[in-house]
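Please find below my notes on the model under review. They are set out as numbered points.

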Amino acid sequence: MSPRERRDPAASREESLRREMVARFVAPRGVDDPRVLAAMSEVPRHAFVPEPLRARAYGDHSLPIGHGQTISQPYVVGLMTQRLGVTAEHKVLEIGSGSGYQTAVLGKLARSVYSLERIDELARSAAALLAGLGFHNVSVKCFDGTYGYPAAAPYDRILVTAGTETVPEPLLAQLAVGGRLVVPVGPRDRQRLRVIRKRKNDYAQEEAEDVTFVPLLGRFAGSPA
Ligand code: SAH
């Protein structure tokens with residue numbers, strides 16, 4: 001037992017719930033990257049879930065976080081993170097901070113993370129939570145992420161955590177050569193993960209798992225904000 005566990009039984013209980021979440025709902029479904037599993041075993045998911053729903057934070061489901069948005073199912077976070085292939089050298093852009101949970105998982109793995117959220121209250125709450133948990137390599141900004149964030153471009157990795165029928169052009173433009181973009185593409189409630197690799201002169205695209213995300217809204221998403 002670590003010294004921290006001896007001091008705080010609640011933290012120890014949450015730690016074992018987290019390990020159980022990863023072992024039961026994430027690892028058996030093909031997420032086998034040890035760095036991803038370790039990051040998910042460390043980030044306190046309950047902190048990103050609204051107080052009344054905290055008892056369900058480590059279950060096999062997405063949960064509402066207000067404003068009609070959701071924190072993704074743990075398996076989906078693991079899957080997207082694994083498909084993104086993040087290393088400790090990478091600068092990552094995330095569109096759709098939501099609760100900030102996925103941002104935290106990326107923050108554990110990457111050199112730096114810029115995350116954009118269009119709903120002010122969610123952006124503020126995610127930023128405060130991440131700062132409180134000591135994530136100094138992540139920053140959350142409030143605006144339409146379909147524009148990307150040109151100030152810190154290019155990015156080694158870009159993750160979109162909302163569904164879109166059109167991959168926003170600025171995100172492709174802000175991807176580094178050799179970089180990778182993961183985005184759920186398709187109509188509402190019927191999307192498929194698309195993994196896009198930027199090469200010197202073109203893009204390689206691969207379709208992966210079916211997923212369900214709330215819609216990406218904005219100037220370059222094909223749906224008005
Ligand atoms: N990754 C989040 C879940 C995201 S839900 C988590 O772990 O909690 C999708 C989020 O994308 C929502 O919060 C929604 O407001 C946001 N979103 C939708 N369109 C956006 C846009 N154009 N720019 C930034 N955020 C957007």
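Which of the 26 residues around the ligand come nearest?

1. S99, E117, D144, G145 and L217 come nearest to the ligand; a residue counts as near if one of its heavy atoms lies within 4 Å. This is a predicted model, in which local features need pLDDT of at least 70, side-chain atom pairs count only at pLDDT 80 or more, and totals for chains, interfaces and linings use all residues. Residues are numbered from 1 along each chain as its sequence is written, and side-chain values use heavy atoms, with hydrogens and water left out.

2. In the side chain of E117, an N or O atom is 2.6 Å from an oxygen atom of the ligand. The protein buries 99% of the 580 Å² that the ligand exposes when taken alone (Shrake-Rupley method, 1.4 Å probe).

3. Beyond its neighbours within four places in sequence, F48 is in contact (heavy atoms within 4.5 Å) with residues including I65, Y101 and L133.

4. Of the 225 residues of the protein chain, 51% count as buried. Its C-alpha atoms fill a box of roughly 55 × 35 × 30 Å along the principal axes.

Notes:
Polar contact = N/O pair within 3.5 Å; in protein donor to acceptor, adjacent residues only side chain to side chain. Buried < 20%, exposed > 50% of the residue type's maximum accessible area, 1.4 Å probe, protein only.
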